[in-house]
Each structure stands twice: as structure tokens, then as C-alpha cells.
Amino acid sequence: MALATSSFPVPLSPVMNTDASVGATSAIRLKTSCIAGPVPMSSPAAILVRARAAGCELEGWVKVDEVPYDFERKRLSVVLARADAPERCTIVTKGAFAQMLALCDRVRAVGDEAEPLDDEQRLNLERMFAARSDAGYRLLAVATKHVDRQSRFGRADEHGLVLEGFLLFRDPPK
């Protein structure tokens, strides 16, 4: 499996820290991970390989719950907690661009701060999505939300998310 990174000017931050240089339209930047090769478009194994290569911390997390993918929502959420802090959870949601953008009210800036997702940023994101789609890529948005642990999580918890970035997959014509 060949892995590559791709970047382009968009006002967002990385979901995974990559080595790709990024042009910026503002102080906020987006980096994407592009998985090329014979890998199913949203292969969890391929995403994990890229995350590990990018230095993401994957150890010490426990899956608490899941809101399964369905064709109506076009997204999937997993709820994770650190083994050393089981009462505080992070909802991680990945899914189709338009459906995800509608759920996000903030965006992760360069560094750790999340800032409001304004109309100009939304327009820039829509332009970026169209350009990447036209170029033969498939894009999944990734967003998070920190919450207290509860007995069950569901669709109602998938709102007020922070847009973290994107997974970008090469999807050449067949």
C-alpha cells in the first residue's frame, strides 16, 4: 500500500499531523492524509497505518460506545475514553462532507484552540471539497466533541462538533 500526503489552501488544521507543506488563506491550515493504492476507500486499517505514521497517539484509548453508520446520516461515531480518565469521553465522528459540516460549529485552529466556524470558512471548505471531488478524490470529514461519560450515546450526541480535518482518498476512475 502506498501512502502519500496532499495539501491545499483551506482554513483548517490537521486531523493528523503530516509532513506536507500547506499553503494558507489564513492563519488556520488544513492537512489531509491521502491513501493511494489498492485499499478500500475507508479502510480502517489504512487509516490506522497513516495515523501511526503521522505520530498520532493510539495507545491507552478504550472504546466506550458506537453510533453505527447508516445511509441516512452518512456518518459513523465512536466514543472513546482514556483508560486513565474513563469518565471523560471523546466522540469521534467521520462521514460525508455536507452532513458533517452541518454538525460542526467550530474548527480546530493551528495549535489546540477551536474557533467558531464562520460563513467564509464554510464557503472555502465547500470550494475545496468541490475541487478535490473534481480531481477524483473522496473526502471524509472528521470531527470531535468532548463529553462526560453516559450509559448510552446516540444520534442526538452528534452536534456541536469541532471540525478537525479530513481523510482524503485517491479514488481513480475505474
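Predicted model: local features only at pLDDT ≥ 70, side-chain atom pairs only at ≥ 80, totals over all residues.
A nonpolar core is a set of buried Ala, Val, Leu, Ile, Met, Phe, Trp, Tyr and Cys residues joined through side-chain atoms within 4.5 Å.

**View 1. The largest nonpolar core and another core apart from it.** The largest nonpolar core has 17 residues, and among these L125, L163 and F166 touch the most other members. Two or more residues are given to this core by each of helix 2 (97–103), strand 6 (104–108), helix 3, strand 8 (137–148) and strand 9 (161–170). Another core, made of six residues, lies apart from the largest one, and its members include A81, C89, I91 and F153.

**View 2. Helix 3, residues 119–134, seen along its length and down its axis.** With 16 residues at 1.5 Å a residue, helix 3 should span 22 Å, and this agrees with the 23 Å that separates its end C-alpha atoms. The buried residues of this helix are Q121, N124, L125, M128 and R132. Because these buried residues fall within an arc of 100° when seen down the axis, they line one face of helix 3. D119, R127 and D134, which are on the other side of the helix, are exposed.

View 3. Although S133 and D171 are 38 residues apart along the chain, their C-alpha atoms are separated by 9.3 Å.

**View 4. R73 in the loop between strand 3 and strand 4.** R73 lies in the loop that runs between strand 3 (61–70) and strand 4, and it counts as buried because its relative accessibility is 4%, where buried means under 20%. The side chain of R73 makes a polar contact, at 3.0 Å, with the side chain of E158. When neighbours within four places in sequence are left aside, R73 is in contact with V67, P68, Q99, R155 and E158.

**View 5. V78 in strand 4, residues 75–82.** V78 is found in strand 4, and although 13 residues separate V78 from I91 in sequence, the two are 5.8 Å apart in space, C-alpha to C-alpha. Not counting residues up to four places away in sequence, V78 touches K63, D65, E66, T90, I91 and V92.

**View 6. The cysteines C89 and C104.** C89, at 1% relative accessibility, counts as buried, and C104, at 2% relative accessibility, counts as buried as well. A disulfide is a covalent bond between the sulfur atoms of two cysteines. When a disulfide is taken to be a pair of cysteine sulfur atoms within 2.5 Å, the count comes to zero disulfides.

**View 7. The chain as the setting for the close-ups.** The chain holds three helices and nine strands, and from the N terminus on its elements run β-β-α-β-β-β-α-β-β-α-β-β. The chain has 174 residues, of which 43% count as buried. Among the contacts in the chain with a separation of 6 or more, 59% are accounted for by residues 24 or more positions apart.

Notes
Residues numbered from 1 in each chain as written. Heavy atoms only, no water. Helix = DSSP H or I, 4+ residues; strand = E, 2+ residues; numbered from the N terminus. Expected span 1.5 Å × (residues − 1). Buried < 20%, exposed > 50% of the residue type's maximum accessible area, 1.4 Å probe, protein only. Arc of directions from axis to C-beta. Contact = heavy atoms within 4.5 Å. Polar contact = N/O pair within 3.5 Å; in protein donor to acceptor, adjacent residues only side chain to side chain.
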